[in-house]
Amino acid sequence: MIRSTSSKVCSCRGRLGLGLRSASRVKQALLPRLPSQQQQRSTSFRMGLVVSRAKAEEAGHDVGDDSKNVFSEKNQQAEVESFRKHQGNVARLSFARESRTLVDLGTFGVISTTSARGPSKGYPNGSVVGYAALEDTGLPVFAFSTLSSHTHDIDADPKFSLTVQAPGFRGASDARTTVTGRARKVTDEGRLKVLKERYRQKHPNAFWVEFGDFAMYETMDLVQVRLVGGFARAGSIKPEEFAQAEVDSIVQYSEPICGHMNDDHADQIPAYVQHYTGMRVDEAKMLSVDSLGMNVEAKRDGQSFKVRLPYPQPAEDRKGVKDQIVAMSRAAAASSNQD
């Protein structure tokens, strides 16, 4: 257990994307939905802070109903502006590094192929498949059953895409990445041994890879990688950038760190948000951590939104995350005492 000079502290995790939209448009969209008695209170913090639909649509992904992510209040414009300024310049993993990390951590994804037979021939075919990312390139390898439709698809047309979601994925505001390329069946015995060993590292119980009706497939030609890191955060990654990017060493600890903080130090997290962004929130919880900071889900007036909080200094290991969270807790406590 970590303690600051005045209260308990500890560890955590990160990512996000919020933008702004015209207050008049937000007002028109929201006010008719709210009972008139609650407009002064329930809409007290809506209208200035909103997930940017325009930017998200331009980035090429569905933004959904952003009325659930809107916050503002005319007499609290200073908080909104402070929050906007902070979130617009926060440190984040690069697209390439975040995408490479998501693929490396994942073990299952949705593969999209072109159907090779049947009534759906020529149409897209989606399947949930297991995979393992190679350590040197990050490219996915697969163990496919000869009975699976996607196996026949790949044999007929090697083009595919694989979409991998961030751990704990719940919706459009969470990260996902799509790897697009070509795959081929591997027959070389030496290469088969390497790929099977890597697959078993990620899937320890996959004894069936040795069965005769399973074959190993390897990504041979990476065409593009695309990351959607949440609302208004999306972009394409060149193959060489993806291959050269380093896997973030901290993301793998997100679950235990965030679980501990949310269970034992939940009162600290809203204080981080207020101290670093200037915005007061009713509650907050950690969602993820990486080497540069944490992602937080905050609530105000019953509405939820994501917040990115960088560490004072980058963390190189799990202990480094602990040290940074202690520093953040002390800074938030000192600021609170001054207030």
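Author: Ala284 stands opposite Ala298, a residue of β12, in a model that is predicted. Six bridges join β11 to β12 (residues 293-300), and these two strands run antiparallel; a strand here is a DSSP run of E of at least two residues, a helix one of H or I of at least four, and two strands pair if DSSP finds at least two bridges between them. The open sheet to which they belong has three strands in the order β11-β12-β13, with antiparallel pairing. Its edge strands, each pairing on one side only, are β11 (283-289) and β13 (303-310). From one strand to the next, the twist averages 25°. Helix α4 (residues 77-88) packs on this sheet, touching β12 and β13, and its direction makes about 50° with that of β13; such angles, from 0 to 180 degrees, are between N-to-C directions of axes fitted to C-alpha atoms, and contact means heavy atoms within 4.5 Å.

Residues are numbered from 1 along each chain as its sequence is written. Local features need pLDDT of at least 70 and side-chain atom pairs 80 or more, while totals for chains, interfaces and linings use all residues, and side-chain values use heavy atoms, without hydrogens or water.

Around this sheet, the chain contains 11 helices and 13 strands, and of its contacts between residues at least 6 apart in sequence, 67% join residues at least 24 apart. Of its 339 residues, 50% are buried, meaning under 20% relative accessible area, with over 50% exposed and partly exposed in between.

Elsewhere in the chain, helix α6 (residues 149-156) has His150, Thr151, Asp153 and Ile154 as its buried residues. They lie on the same side of α6, because they cover an arc of only 160° around the axis. Strands that cover these residues include β6 (140-145) and β9 (214-230). Phe142, Phe144, Phe160 and Tyr217 form one aromatic cluster, where rings pair if their centres lie within 6.5 Å, with planes under 30 degrees apart called stacked, over 60 edge-to-face and the rest tilted.

How values were computed. Buried means under 20% relative accessible area, exposed over 50%, partly exposed in between (1.4 Å probe, protein chains only). The arc is that of the directions from the helix axis to the C-beta atoms. Rings of Phe, Tyr and Trp (its six-membered ring) pair if their centres lie within 6.5 Å; planes under 30 degrees apart count as stacked, over 60 as edge-to-face and the rest as tilted.
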